[in-house]
Amino acid sequence: EQRSERRAEHTLQDPPVHTYTKNTMKSFSALISALLLSQVAAFAPQLFGARPELSLSAKYVNDKAARWAAAKRPKKSRPSDINRKPVVYELTSITKPSEYTISDAPPSPAVKAD
């Protein structure tokens with residue numbers, strides 16, 4: 001009999017309702033505000049001075065393209081390579097086609113060949 005009465009009392013009771021007090025609501029809103037502020041602070045500009053994570057104090061600077069390519073060229077290690085003179089080309093050995101000769105005649109309009 002006692003068990004059945006307890007069951008009956010238990011089923012007649014309302015389920016527990018959570019009531020939030022002002023203190024719990026304040027702490028919850030403070031927690032949400034702190035999380036939101038921490039996320040937004042990453043995108044906000046600094047008020048004083050430069051950001052230290054953006055300092056450009058590189059100890060060894062990378063070469064630019066021309067200097068990097070020059071460093072990869074073969075080195076002149078043999079005396080024959082070191083003492084080699086550049087090739088001198090004579091201008092008389094180069095024959096130009098007739099299209100490149102300059103004449104003293106007055107200019108004439110070009111005629112289309114049929």
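## Salt bridges, defined

A salt bridge is a side-chain nitrogen of Lys or Arg within 4 Å of a carboxyl oxygen of Asp or Glu. Side chains of opposite charge can pair when their charged atoms come close.

## The model

This is a predicted model, where local features need pLDDT of at least 70, side-chain atom pairs count only at pLDDT 80 or more, and totals for chains, interfaces and linings use all residues. Residues are numbered from 1 along each chain as its sequence is written, and side-chain values use heavy atoms, with hydrogens and water left out.

The term pLDDT is the predictor's confidence in each residue, from 0 to 100. The protein chain averages 75. At least 70 is reached by 66% of the residues. Among the elements, helix α1 (residues 2-12) has the lowest mean pLDDT, 55. Helix α3 (residues 65-71) has the highest, 93.

## Fold and surface

The protein chain has four helices and zero strands. Its pattern along the sequence is α-α-α-α. Helices (H or I, at least four residues) and strands (E, at least two) are DSSP runs, numbered from the N terminus.

How much of the chain is buried? Buried residues make up 1% of the 114 residues. Here buried means under 20% relative accessible area, exposed means over 50%, and partly exposed lies in between (1.4 Å probe, protein chains only). The chain exposes about 12,900 Å². Carbon and sulfur atoms supply 60% of that area. Accessible areas come from the Shrake-Rupley method with a 1.4 Å probe; for residues, only the protein chains shown count as cover.

## A nonpolar patch

Phe 28, Leu 31, Ile 32 and Leu 35 make a nonpolar surface patch of about 400 Å². Leu 35 sits in helix α2 (residues 22-40). Patch residues have over 30% relative accessible area and no salt bridge; nonpolar side chains (Val, Leu, Ile, Met, Phe, Trp, Tyr) are joined within 5 Å, like charges within 9 Å.

## Asp 81 and its partners

The structure holds two salt bridges. Where is Asp 81 placed? Asp 81 lies in helix α4 (residues 79-82). Asp 81 counts as buried because its relative accessibility is 15%.

Asp 81 forms a salt bridge with Arg 78, the closest N and O atoms being 3.2 Å apart. Arg 78 is partly exposed, at 49% relative accessible area. Asp 81 also bridges to Arg 84, with the closest N and O atoms 3.2 Å apart. Arg 84 is exposed, at 55%. Salt bridges with shared partners join Arg 78, Asp 81 and Arg 84 into one network.
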